[in-house]
Amino acid sequence: MILIKRIEVSEKKLIKQIVQIHLKTFPGFFLTFMGKGFLNQMYACYCSHPASGLYVAFDEEKPVGFLAFSSDFSGLYKYMIKHKLFAFMWYSIGAFFRKPKVFLRLVRALLKPGEAKRKEDYVELSSIGVAPEQKGKGIGSLLIDKLKEDTDFTKFTYINLETDAENNEAANRFYQKNGFKLFRTYQTREGREMNEYRYTEKDPIS
């Protein structure tokens with residue numbers, strides 16, 4: 001039986017295990033390239049920021065998946081800059097020497113609060129991952145169901161997420177299956193095609 005729990009920043013061992021799942025789930029991605037220390041700081045911030053959180057799925061007490069979210073995505077990034085900037089920069093040194101261009105990408109990422117601002121209040125589904133050996137068991141859908149269940153749709157207009165538009169058919173089908181509707185497709189400064197999805201309470205789950 002899968003149990004889903006929102007974890008605290010004090011649960012450092014669990015956060016490290018979530019980082020390991022992230023590394024296995026997202027090989028080749030920018031955040032993965034930044035390394036374990038960077039990811040550990042990032043997910044700890046999701047746990048400590050009051051408007052954000054980290055759900056973990058357990059199978060017999062073993063963490064098998066996670067979902068990171070924030071109802072103040074702009075505030076979360078400002079929190080990271082205010083409280084963890086030097087830690088993020090320290091853990092970025094190795095990535096910088098491996099690939100100097102990563103510095104500009106990191107600066108743009110830390111300036112994301114301005115891009116995250118919207119007129120309406122919403123919840124950002126920032127990251128979701130399931131251990132590769134556990135895929136196909138519905139764990140990802142259970143994590144999303146937990147986020148939907150805990151979201152107050154009288155306060156928040158929708159749940160938002162972004163994912164790659166190209167060569168990412170399985171993820172796009174997964175979000176559509178879980179009731180997310182394509183809002184727009186856009187291109188990042190790096191030329192990456194992204195799909196932005198939104199879920200509202202009145203949208204039926206297909």
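I started with how helix α1 (residues 12-25) packs on α3: their axes lie 9 Å apart, at an angle of about 120°. Axes here are lines fitted to C-alpha atoms over the stretch in contact, with angles from 0 to 180 degrees between N-to-C directions. So α1 is oblique to α3, as angles under 35 degrees count as roughly parallel, over 145 as roughly antiparallel, 65 to 115 as roughly perpendicular and the rest as oblique.

A note on the source: this is a predicted model, where local features need pLDDT of at least 70 and side-chain atom pairs count only at pLDDT 80 or more, while totals for chains, interfaces and linings use all residues. Residues are numbered from 1 along each chain as its sequence is written, and side-chain values use heavy atoms, without hydrogens and water.

Next I listed who touches whom (heavy atoms within 4.5 Å). From α1 I found Ile15, Lys16, Ile18, Val19, Gln20, His22 and Leu23, and from α3 Lys36, Leu39, Asn40, Tyr43, Ala44 and Cys47. I sorted this contact into 8 nonpolar, 3 polar and 2 charged residues.

Last, I checked helix α7 (residues 139-150) against helix α8 (residues 169-177): the axes come within 11 Å and cross at roughly 45°. That makes α7 oblique to α8 as well. I saw Gly140, Ser141 and Ile144 of α7 meet Phe174, Tyr175 and Lys177 of α8.

Terms used: Helices (H or I, at least four residues) and strands (E, at least two) are DSSP runs, numbered from the N terminus. Ala, Val, Leu, Ile, Met, Phe, Trp, Tyr, Cys and Pro count as nonpolar, Asp, Glu, Lys and Arg as charged, and the others, Gly among them, as polar.
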